[in-house]
Structure formats: C-alpha cells, structure tokens
Amino acid sequence: MNKPAFNLEAMLSAPAIQTAVQQIPCEKLHPYHNHKFELYTGERLDDMVASIKENGVLSPVIVQPDGDGYEILIGHNRWNACKIAGIDTIPAIIKQGLSEDEAEMYVIESNVMQRGFDNLRISEQAAVIALRHSEMFSPGKRSDIQRELALLEDPEAEANDTATLNPMGSRLDTNEEVGKEYGVSKGSVVRLIRINKLTDALKALVDSGDIAIRAGVELSFLSEKAQAVVAEQAEDFKVDMKKSKALHDAADKEGNIDTTTIVRIITGTAEVKPKPKSVKISEETFYKYFEPGTKKAQVTETVEKALAFYFANVESEA
C-alpha cells in the first residue's frame with residue numbers, strides 16, 4: 001500500500017515547524033557531516049528506487065544550508081535512491097538556524113523512528129544512547145522533532161499528540177531510565193556509551209563481530225592514536241577480551257600506550273604486565289612512621305625495605 005503524499009495543511013497546523021517544501025537539485029545536497037548510520041543496500045534499496053520511479057518521493061527530506069549547497073539531516077536513503085533512479089531534484093524542507101545539537105537530534109531521532117532501535121548496528125545504538133544520555137539533551141526539543149517526524153510519516157496524525165512519542169513525559173537522566181526507554185539493561189547503556197568513544201575503525205569491527213562489545217569497552221579507554229594502532233593490528237590478529245584488558249591495563253591515565261607494547265600484546269610475542277597501581281596510606285598511618293616533610297623517595301625506600309623484611313619473614317615461617 002502506497003504512503004499518502006505529504007499534507008502541508010496538516011504540517012502547518014503544528015506550531016514552530018518550518019514546513020516550506022521546495023524542489024532542490026540532488027547535486028546540491030551532501031550527507032550530514034557526522035552521519036553514523038548505514039544506508040540501505042540490496043533489496044531494500046532496490047525497492048525504494050522502484051517506488052520512487054513509480055510514485056516519486058512521497059515524503060520530503062530535511063536539510064540545512066551549508067555553503068553553496070545543503071547538508072542532509074533526514075532522508076539520506078531517499079536522496080541516494082533518487083540519484084540511482086536518475087531523478088534530478090528532490091522535495092526538501094530547509095531548516096534555518098539549527099544548533100549543532102539540534103541538527104544531530106534530527107539525524108538520530110529519524111533513524112530510530114524509521115528503523116527501530118533493535119535494528120540499528122551496535123555503533124548506531126551507541127550513538128543514540130550517547131546523545132540521549134548527554135547534557136545537551138532537551139526533552140522539549142526532542143518532543144517537537146518527534147512530532148514533526150511523525151507528521152511527515154503520517155500526515156493524518158494529530159499535530160499535538162505527543163503522548164506516544166515521549167511516553168516517559170520527563171527528562172530521563174539515569175542509565176536505568178534511558179535503558180528502559182530503549183529496552184536495554186542499565187549495564188548495556190554504560191557499555192554502549194563507552195562503545196561510542198571508539199574510533200570509526202574499531203566501531204566497524206564491533207559491528208562486524210570481530211571485536212566483542214565488552215572487549216570494545218576496554219579498548220574505548222585508549223587514546224585515539226592507540227586505537228588506530230589496535231585497528232591496524234586487528235586486520236591480522238584477533239583482539240579478544242584478554243588482549244583488550246591487557247591493553248587497557250598497560251595504558252596510562254590518558255589512554256596512551258606505545259606502539260611496541262600494543263603490537264606485543266596483540267600478537268602475543270611477549271607477556272606485558274600492566275602498570276602497577278598506586279597505593280595510598282592514611283594520613284594517620286603516614287605520620288605514625290614519618291616526620292612531616294619527609295621526601296617521597298625516602299618514604300618509598302622505607303616502604304620497600306619494610307615489605308622486603310615482611311615477606312622474608314613470611315617465607316621463613318612457611
């Protein structure tokens with residue numbers, strides 16, 4: 001059954017929605033600069049191309065001005081199908097003055113509504129959860145965008161019916177609440193937020209299953225430079241949970257780790273021990289054994305001697 005053509009009168013009844021539709025040359029459009037979602041391929045793309053050839057584009061894309069052209073916020077697949085179908089123009093709604101956060105929300109929300117959260121790749125789910133969890137998230141703005149998208153998809157929908165679009169009705173700012181909204185556990189929310197910190201190369205390996213999600217979480221603590229080396233090595237060697245954790249343990253607080261160490265861990269050519277963790281002693285214990293102003297080197301030397309004495313006596317008693 002064909003979708004009804006978009007109804008400008010219905011869309012105009014919704015306040016604060018820019019609805020002017022105009023035909024824009026496809027060559028003037030380009031993808032959103034931070035587009036994280038996979039485009040249709042195979043039969044799904046073929047069906048869209050066939051539908052557009054027969055019926056035209058039934059729902060306008062949404063774009064924003066960008067230099068001499070326009071950046072696509074919603075409708076990457078329709079634009080791609082139009083080009084394949086040999087159609088030169090596409091109906092579009094031009095959004096003016098959007099903030100970076102608002103533009104990102106259009107891209108994210110449209111993909112979730114059209115495809116469903118469960119049908120997104122792991123990296124795509126991670127992008128959704130990260131946005132939903134971020135400080136910039138505005139439930140009011142999101143509700144407006146969801147309502148607008150619903151009207152574009154179903155012109156007969158009530159313009160002011162947002163109850164089904166935002167069922168929680170308030171800001172969800174905890175892992176548990178965000179998880180409930182998307183049907184995942186609190187732990188999954190935490191893991192997906194970490195996955196979103198991976199480089200694109202490592203996200204692709206998580207999506208393909210070459211790197212497990214939990215291993216990806218460990219790798220997310222590495223710097224971008226270190227992650228790039230890991231991705232390169234992953235082309236020839238399996239990066240499992242054990243290796244990923246070893247890499248995390250061997251990195252400093254900023255996630256830096258030298259290339260030689262990364263290669264040794266991933267290839268298994270040598271055992272690399274994680275860096276020792278610092279141990280703090282209480283102020284009471286410190287001043288029980290050391291004078292105020294005692295230098296760090298002296299404290300370290302004393303502790304090392306005390307530990308050597310202790311373990312020597314333990315071994316002799318055994």
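**Entry 1: Val 263**

I'm working from a predicted model here. I looked up Val 263 and got a relative accessible area of 26%, so I logged Val 263 as partly exposed. Val 263 lies in helix 13, residues 259-267. I then asked which residues Val 263 touches, not counting residues up to four places away in sequence. I got Gln 233 and Gly 268. I also checked Val 230: the two valines, Val 263 and Val 230, are 33 residues apart in sequence, with 7.9 Å from C-alpha to C-alpha.

**Entry 2: cores**

Val 230 came up again in the largest nonpolar core, where Val 230, Leu 219, Leu 247 and Ile 257 have the most contacts inside it. That core has 44 residues. Which helix gives the most to this core? I found helix 4 (residues 100-115), with 6 residues. There is also a second, separate core of 18 residues, and I noted Tyr 40, Ile 72, Ala 81 and Ala 85 among its members. A reminder to myself: in soluble globular proteins, nonpolar side chains tend to be buried together.

**Entry 3: strand 4 and its partners**

I went to strand 4 (residues 69-74) next, and 5 of its 6 residues are buried. Strand 2 (residues 29-30) pairs with strand 4 in the parallel sense, over 2 bridges. There I found Leu 29 opposite Tyr 70 of strand 4. Strand 3 (residues 61-66) runs antiparallel to strand 4, and I got 5 bridges joining the two. One pairing I wrote down is Gln 64 with Glu 71, its bridge partner in strand 4. Strands 3 and 4 form a hairpin with 2 residues between the strands, and in it Gly 67 takes a positive phi near 70°.

**Entry 4: helix 3**

Is helix 3 (residues 76-85) largely enclosed or left open? I found 8 of its 10 residues buried, so helix 3 is largely enclosed by the rest of the structure. The buried ones are His 76, Asn 77, Arg 78, Trp 79, Asn 80, Ala 81, Cys 82 and Ala 85. I traced what these buried residues pack against: strands 2, 3, 4 and 5, plus helix 2 and helix 4. Just after helix 3, Gly 86 has a positive phi of about 80°.

**Entry 5: helix 9**

In helix 9 (residues 200-208), I get Leu 202, Lys 203, Leu 205 and Val 206 as the buried residues. Looking down the helix axis, I see them fall within an arc of 160°, so they line one face of helix 9. They pack against helices 5, 8, 10 and 11.

**Entry 6: rings**

How many aromatic pairs does the structure hold? I got 1. The rings are those of Tyr 310 and Phe 311, with centres 5.1 Å apart and planes at 80°, so I logged the pair as edge-to-face. Phe 311 is partly exposed, with a relative accessible area of 47%.

Lys 83 lies over the face of Trp 79, at 3.6 Å from the ring centre. Arg 194 lies over the face of Phe 221, and I have 3.8 Å to the ring centre there.

How values were computed. Residues numbered from 1 in each chain as written. Heavy atoms only, no water. Helix = DSSP H or I, 4+ residues; strand = E, 2+ residues; numbered from the N terminus. Buried < 20%, exposed > 50% of the residue type's maximum accessible area, 1.4 Å probe, protein only. Contact = heavy atoms within 4.5 Å. Phe/Tyr/Trp six-rings, centres within 6.5 Å; stacked < 30°, edge-to-face > 60°. Lys NZ or Arg CZ within 6 Å of the ring centre and 35° of its normal. Core = buried A, V, L, I, M, F, W, Y, C linked by side-chain atoms within 4.5 Å. Pairing = 2+ DSSP bridges. Arc of directions from axis to C-beta.
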